Structure formats: C-alpha cells, structure tokens
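Subject: Structure for you to look at

Hi,

Here is the structure I promised to pass on. Please have a look at it first, and then read on for what turned up.

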Amino acid sequence: MNLTKEDKKKLSRKNIYLILGLVGAVFLAISILTFKSHYKVRSQGVKTDGVISKIVNNGEDRDVYITFQTDAGRQVTFESSYSSSSMRTGDTLAVYYMKDNPQNAVVDTNGQTFLFVIFFLMGAGTFGAAVLVWRAQSRQIRFIQSPTAIVLDAVIADIKTSNLEVNKRKGMLILARTQDGIIYKSNSIFKPLNAKIDDAITVLVNPHNQKEYFVNYLPFI
C-alpha cells in the first residue's frame, strides 16, 4: 500500500513523542544540573552544622531555612532545596558550603539524593517512551508500505473509546471483522473519525506474523 504525504500526516504521532521527549529532556536536565551543583558543593565545600531557623508552610510546599556559622564567624541563612515533613524548627543538620560564597550551601541528606534519582528515572523513562513511540510509528509506516502485506476485506464491527488520552482527549478504536470472523483492533485514533458500524474497511496483515497488522482507518479521518 502506497502512502501519500497526507496519509503519513494522518498516521503521525509527532505531537505525542515530541511532548514526551520534551518533558523527559526537562526532567533529565533538572536532575543532572542539580546533581552536578550539589556534588560540587559536597566535594569542594566546607562541612559544618546548621540549624533549621524557620519553616514556612505554603499549602503543600514547605520552605525550610537553615542557619549556620562559617569558619570566619559569619552567620549565614539559606533556603534549603530539600525539605521533608520530618524537619522541625531547631533541628540540627549537616551542611556543606562554598568558602568563597557561603550562601551557596546544601544540606547533607539521603533524601536529596533520592530525589535526584527519582527525577533522573522519570526523565529517562519519559524520554525512552518518546523514542519507543517514534520507532513504533516508523515501523508501522514501513509495514504498511511493504509489498508483502496481505490486504483483507472487512467491515467495522464496533467503534470504542480508547483508554489512551492525549491533551485530555480520549482516542477511538475501530474493531474490524473480516469475512472469516476474525476481529482486528485499530490503533488509538485521536483525529476526528467519520465512520460507522458496518462500513467497509481493509486490514493489512503480515503473512509471516499474523499479530502484525494494520486496520486501515485512513479513509475515515
């Protein structure tokens, strides 16, 4: 089956993998840059004890301020980039600060390392999902255009709502029934669908792998 430029646009899930890729890249960038900054202070900074001097509750967020004294006797207060519900005013925490810029300080907690890992995994997972969507789309287009694909005549047996949602909009699924009664389910369709039950439709099937198929919904969008 030859695909026109318009057909490829209809098949495109560019908005999905671009959004996933962008979100994943942001999470990765935040985790890597924050970790580098934190590690630099931990590895090059001066260690001392700090005291939680103030906690400001902003709804679900908590701003934790920690005060410590430098080797030169200067008192410094900074806002911690990490907070937890277990922190209380007056608690003593280990603090690392840069000698040439004491305001650049971090709290020595395992919780902060855990957050770095979580953000990194979220970013890597989301970015990986974007790559998988892109590869699946490319593989599908190659299959549709393959001269070995068998074209089966079918009718639309049902049209259902998909569990997948993009931009708060659920996709649609076409269930196509061939002449021998086999049901094939389409991909999730997020474009307006002009189809109804019993409409004629075709299904492309890989003769070497019956699980690889494509319900050709392109004429209906």
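Helices and strands here are DSSP runs, helices of type H or I with at least four residues and strands (E) with at least two, numbered from the N terminus. On that basis the elements of the protein chain run α-α-β-β-β-β-β-α-β-β-β-β-β from the N terminus on. That comes to 3 helices and 10 strands. Please keep in mind that this is a predicted model. Of the 221 residues in the protein chain, 36% count as buried.

Five strands make an open sheet in the order 3-2-1-4-5, and their pairing is antiparallel. Strand 3 and strand 5 (101-107) are at the edges with a single partner strand each, so one side of each has no neighbour in the sheet. On average, neighbouring strands are turned by 40 degrees against each other, with direction ignored.

Going through the pairs, strand 1 (residues 46-58) and strand 2 are antiparallel and joined by 8 bridges. Within that pairing, Val51 has Thr67 of strand 2 as its bridge partner. Strand 2 (residues 61-69) is in turn joined to strand 3 by 5 bridges, again antiparallel. Here Gln69 has Gln75 in strand 3 as its bridge partner. The hairpin of strand 2 and strand 3 has 5 residues between the strands, and Gly73 takes a positive phi near 90 degrees there.

In strand 3 (residues 75-79), Val76 and Phe78 make up the covered face, while Gln75, Thr77 and Glu79 make up the uncovered one. Phe78 also belongs to an aromatic cluster, together with Phe68 and Tyr97.

That brings me to the rings. The count comes to 5 aromatic pairs. One of them is Phe214 with Tyr217, a tilted pair at 5.5 Å centre to centre and 55 degrees between the planes. Phe214 and Tyr217 are both buried.

Now to the surface. Which residues form the nonpolar patch there? They are Ile32, Val117, Phe120 and Leu121, and together they have about 360 Å² of accessible area. Helix 3 (residues 110-144) gives the most to this patch, with 3 residues. Val117 lies in helix 3 and has a relative accessible area of 42%. Since buried means under 20% and exposed means over 50%, Val117 therefore counts as partly exposed.

Met122 is another residue of helix 3. Its relative accessible area is 39%, so Met122 is partly exposed as well. Met122 and Gly24 are 98 residues apart in sequence, yet their C-alpha atoms are 7.0 Å apart in space.

Finally, a backbone detail for you to check on screen. Most residues other than glycine have a negative phi. Asp198, however, has a positive phi near 80 degrees. Where does Asp198 lie? Asp198 is in the loop between strand 8 (183-185) and strand 9 (200-206). With a relative accessibility of 56%, Asp198 counts as exposed.

Happy to go through any of this with you.

Best wishes

Methods:
Residues numbered from 1 in each chain as written. Predicted model: local features only at pLDDT ≥ 70, side-chain atom pairs only at ≥ 80, totals over all residues. Heavy atoms only, no water. Patch = residues over 30% accessible without salt bridge, like charges linked within 9 Å, V, L, I, M, F, W, Y side chains within 5 Å. Areas by Shrake-Rupley, 256 points an atom, 1.4 Å probe, with all protein chains shown as cover. Salt bridge = Lys/Arg side-chain N within 4 Å of Asp/Glu carboxyl O. Buried < 20%, exposed > 50% of the residue type's maximum accessible area, 1.4 Å probe, protein only. Pairing = 2+ DSSP bridges. Axes fitted to C-alpha atoms, helices over the stretch in contact; angles between N-to-C directions. Phe/Tyr/Trp six-rings, centres within 6.5 Å; stacked < 30°, edge-to-face > 60°.
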